[in-house]
Amino acid sequence: SVFAEQGYGTYFVAGYKAGAQGFSTYMRVAGFENIITRENLGVGPEKSDGVWGVYDHHTFVRLHEILSKETRPFIAVVPSLHPHHPYKLPDDYPEKKYYRDIERVEHFNALRYSDFALSQFFVLARKATYFRDTIFILTADHTYTQNGVLGKFHIPLVFYAPGLLKPAKKTVLASQLDILPTLIDLLKFETTHASMGKSLWASDVPEWAILDLDTSMVYLTPKNALMANREQIVGFYDTKNDREFSRNLQPEQANLAEFMGR
């Protein structure tokens, strides 16, 4: 809805079937104008993996075709399907068994396929009129292993915009919640929004992130983490030296935990 107010075309494009993981319903609530799934993607069943949906490289080709026809500025949210168990790869992908005698071989072959699918998309995108004016964002939902508290949240977040951003690496603490405020900042929108995040290009914003642990929420800083449920603070941890949250410091740091809670 924030982008629609600015005159943007809004797209959700996925190889999933309609309704998978509740995406389509959420996108309608969020105000997306065009919701395109396996049923109306325009790709035949022979290009599907039979488990999750359409293979990524076919979805990305259709994505490029759809965006190339859009005359307005646009925002598109595009969840990929790979790499994901059971790691089924397309028969016409020539390197489906590139790795052989290594640990997690199926995962790494699927990961290589994901790189291939993205590379095929960017081969097309770089020749398109929209390329120089587009901010591409790449991120993940979780890591391969989901052990420990912080480990499963340690995912990549890449902003790629050759026409706007110079190459750089930022080491600030960030989360997916920061994507919307960052885009609003980079695109100079004059708007209000309800995101809990902050712009990653702002110079005067403290480093913090919010993590969702199902029954609890974590307020994370580079040094500490405050854990709370709906009723009360339940933990305070030294994240610099205890990434597994093995020692609850709340009894020793009650005043600080109370301060951070406020």
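**Chatting through a predicted model**

Trainee: Noted. What secondary structure does the chain have?
Mentor: The protein chain has six helices and nine strands. Its C-alpha atoms fill a box of roughly 60 × 50 × 35 Å along the principal axes.

Trainee: And how much of the chain is buried?
Mentor: Buried residues are 38% of the 262 in the chain. As for the accessible surface, it comes to about 16,000 Å², and carbon and sulfur atoms hold 51% of that.

Trainee: What share of the contacts links residues 24 or more positions apart?
Mentor: That share is 46%, counted among contacts with a separation of 6 or more.

Trainee: Let's go inside. Which residues have the most contacts in the largest nonpolar core?
Mentor: Tyr11, Phe121 and Tyr130 do, in a core of 25 residues. The elements giving two or more residues to this core are β1 (9-13), α3 (56-68) and α4 (105-125).

Trainee: Which element gives the most to this core?
Mentor: That would be α4, with six residues.

Trainee: Back to Tyr130, what does it touch?
Mentor: Leaving out residues up to four places away in sequence, Tyr130 touches His64, Leu67, Ser68, Phe74, Phe121, Ala125 and Phe136. There is also a second, separate core of 14 residues, including Ala161, Ile184, Phe189 and Leu200.

Trainee: What is the phi of Lys188, which follows α5?
Mentor: Lys188 has a positive phi, near 60°.

Trainee: Changing topic: in which sense do β8 and β9 pair, parallel or antiparallel?
Mentor: Antiparallel, over five bridges, with β8 at residues 224-228 and β9 at 233-238. The two strands form a hairpin with four residues between them.

Trainee: Which residue in β9 is the bridge partner of Ala225?
Mentor: Tyr237 is the partner of Ala225. If you look at side chains there, remember that in a regular strand they alternate between the two faces of the sheet.

Key. Residues are numbered from 1 along each chain as its sequence is written. This is a predicted model: local features need pLDDT of at least 70, side-chain atom pairs count only at pLDDT 80 or more; totals for chains, interfaces and linings use all residues. Side-chain values use heavy atoms; hydrogens and water are left out. Buried means under 20% relative accessible area, exposed over 50%, partly exposed in between (1.4 Å probe, protein chains only). Contact means heavy atoms within 4.5 Å. Accessible areas come from the Shrake-Rupley method with a 1.4 Å probe; for residues, only the protein chains shown count as cover. Two strands pair if DSSP finds at least two bridges between them. A nonpolar core is a set of buried Ala, Val, Leu, Ile, Met, Phe, Trp, Tyr and Cys residues joined through side-chain atoms within 4.5 Å.
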